[in-house]
Amino acid sequence: MATHTFEKETEDLTRIYHPAPLATLRPDRGAHFDLFLGVPTRSGQRYVLYKSADIDLTDDKRKELIERGVQFLYVTDDDAGSYFNFVDRTVGEALQDESASPEQRSQVLYQTTKALVQATFTRPESPVLMKTNRSLVEHTVEALAAEPGLLRALASEFSMDYSLYTHAVHVSTLATALMLEINGPDTSVKDAAMGFLLHDIGKCRVPTQILRKSGILTTTEMKEVEKHPEYGVALMRPHIEVGDVALDIIHSHHEKLNGRGYPRRLPPERISLETRICSLVDIYDALTSHRVYKPAMHGFEALTYMREKMYDELDPGLLKQLIKILGPRDR
Ligand SMILES: [Fe+2]
Ligand SMILES: [Fe+2]
């Protein structure tokens with residue numbers, strides 16, 4: 001364990017670092033893990049030890065970082081378990097902090113979920129990460145149920161630039177809000193929300209060069225991408241936090257109501273409400289995100305496109321409900 005503190009250079013370039021958004025680092029709550037600062041270099045970023053595990057992050061030091069414009073510190077992969085245990089212990093308190101504005105609470109929720117999803121894509125087998133995913137999803141459901149207006153604040157955090165991680169957070173937020181609108185806050189929303197957040201987790205088994213390819217995919221590459229629902233089920237089945245409803249969402253979120261989806265070309269009666277919600281929001285987020293091969297559509301434009309061009313694939317009743325919760329300012 002390192003014993004230095006406040007900015008010491010590290011030469012170890014082989015370690016994996018996970019972003020720890022400042023919003024997730026509650027001061028004086030026992031942040032007993034090394035934290036690093038990211039320093040931009042010509043080829044990317046190097047990491048400088050900011051504080052060692054034996055020292056807590058004080059409120060003054062945190063404020064100083066905010067004044068310097070620092071939004072992220074980093075933890076090593078070895079410390080990811082300790083960091084996400086800390087997040088698990090403190091995020092509920094941060095979300096219930098009445099002195100914080102809805103914008104500040106949304107930022108905590110958005111940044112924490114994004115960092116957690118990013119780590120989960122690296123270590124989908126980790127029990128600690130899955131336990132934290134479950135508690136974060138439960139906090140999200142409870143926060144959105146108690147304060148529906150929080151969706152507006154959360155949606156304003158949404159990034160137009162697509163990444164697997166931001167996409168997971170957007171889909172989970174919107175699909176949870178839609179399910180709460182339809183079902184009210186019963187426990188099935190929490191079970192489904194695990195599926196919304198982890199619907200694309202199987203993509204961590206698809207080669208990165210295929211996922212990042214900017215041109216048209218070959219048939220073989222397309223077939224590989226289309227395996228992600230099945231990879232996801234295989235990865236998530238061992239976790240008790242991921243129940244049958246969530247596994248069904250992971251398996252079937254690319255099925256279509258016209259029976260032409262994948263991987264099983266299921267007929268509509270075998271596509272659950274929760275899975276239909278996930279598919280709908282998945283498409284909405286894909287259309288409204290900027291990708292290498294296409295610009296982002298405006299929310300209203302995307303909803304119109306979905307209603308006019310995809311009417312045989314999607315549930316029209318759910319589309320109406322989505323339009324309702326997105327409101328006049330759709331994104
Ligand atoms: Fe997918
Ligand atoms: Fe997706």
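Before anything else, I noted what a contact is: two residues are in contact if their C-beta atoms, placed from the backbone, lie within 7 Å. I also wrote down that I am looking at a predicted model.

**Entry: S289**

Leaving aside neighbours within four places in sequence, I found S289 in contact with M160, Y162, H167 and A296. I then looked up where S289 sits, and it is in the loop between α12 and α13 (299-309). Is S289 buried or exposed? I counted 21 other C-beta atoms within 10 Å of S289, and 20 or more is the cut-off for buried, so S289 is buried. I also checked the spacing to G299, which is 10 residues away along the chain: the two C-alpha atoms are separated by 9.7 Å.

**Entry: the whole chain**

Next I stepped back. I listed 14 helices and 5 strands in the protein chain. The radius of gyration is 20 Å, close to the 20 Å that the globule rule gives for 331 residues, so I can call the chain as compact as a globular protein of that length. Along the principal axes, the C-alpha atoms fill a box of roughly 60 × 45 × 40 Å. I found that 39% of the 331 residues are buried. I also looked at contacts between residues at least 6 apart in sequence, and 74% of them join residues at least 24 apart.

**Entry: two domains**

How is the protein chain divided by the domain assignment? I read off domain 1 as residues 1-95 and domain 2 as residues 103-326. Their C-alpha centres lie 29 Å apart. Where they meet, 17 residues of domain 1 are in contact with 19 residues of domain 2. On the domain 1 side, I saw that β2 and α2 each supply at least two residues. Which element gives the most to that side? It is α2, with 10 residues. Sorted by class, the domain 1 side has 11 nonpolar, 5 polar and 1 charged residues.

**Entry: helix α2**

That sent me to α2 itself, which covers residues 80-95. This helix has 16 residues and reaches 21 Å from its first C-alpha to its last, close to the 22 Å expected at 1.5 Å a residue. Still, I found a kink of about 35° in α2, centred on R89. I listed the buried residues of α2 as A80, Y83, F84, F86, V87, D88, V91, A94 and L95. I then followed what they pack against, and noted β2 (17-21), β5 (72-76), α3 (102-122) and α4 (127-146).

**Entry: helix α1**

How many residues of α1 are buried? I counted 0 among the 9 residues of this helix (residues 59-67), so I wrote it down as hardly covered, going by the cut-off of 20 or more C-beta neighbours for a buried residue. After α1 comes G69, with a positive phi near 80°.

D28 has a phi near 55°, a positive value in a residue other than glycine. I placed D28 in the loop between β2 and β3 (35-41). With 10 C-beta neighbours inside 10 Å, D28 counts as exposed.

R265 also turned up, with a positive phi of about 50° although it is not a glycine. R265 is in the loop between α11 and α12. It has 11 C-beta neighbours inside 10 Å, so I marked R265 as exposed.

The loop between α11 (244-252) and α12 (273-287) also holds P263. Which form does the peptide bond from Y262 to P263 take, cis or trans? I found it to be cis, with omega near 5°.

**Entry: R205**

My last stop was R205, in the loop between α7 (187-198) and α8 (208-211). It has 16 C-beta neighbours inside 10 Å, so I put R205 down as partly exposed. R205 and L235 are 30 residues apart along the chain, yet I read a separation of 9.4 Å between their C-alpha atoms.

Notes. Residues numbered from 1 in each chain as written. Chains lettered and ligands numbered in written order. Predicted model: local features only at pLDDT ≥ 70, side-chain atom pairs only at ≥ 80, totals over all residues. Helix = DSSP H or I, 4+ residues; strand = E, 2+ residues; numbered from the N terminus. Expected span 1.5 Å × (residues − 1). Bend = angle between axes of the 7 residues up to and from the residue. Buried ≥ 20, exposed ≤ 12 C-beta atoms within 10 Å, placed from the backbone. Rg over C-alpha atoms; globule rule 2.2 N^0.38 Å. Domains from an automatic or database assignment. Nonpolar A, V, L, I, M, F, W, Y, C, P; charged D, E, K, R; others polar.
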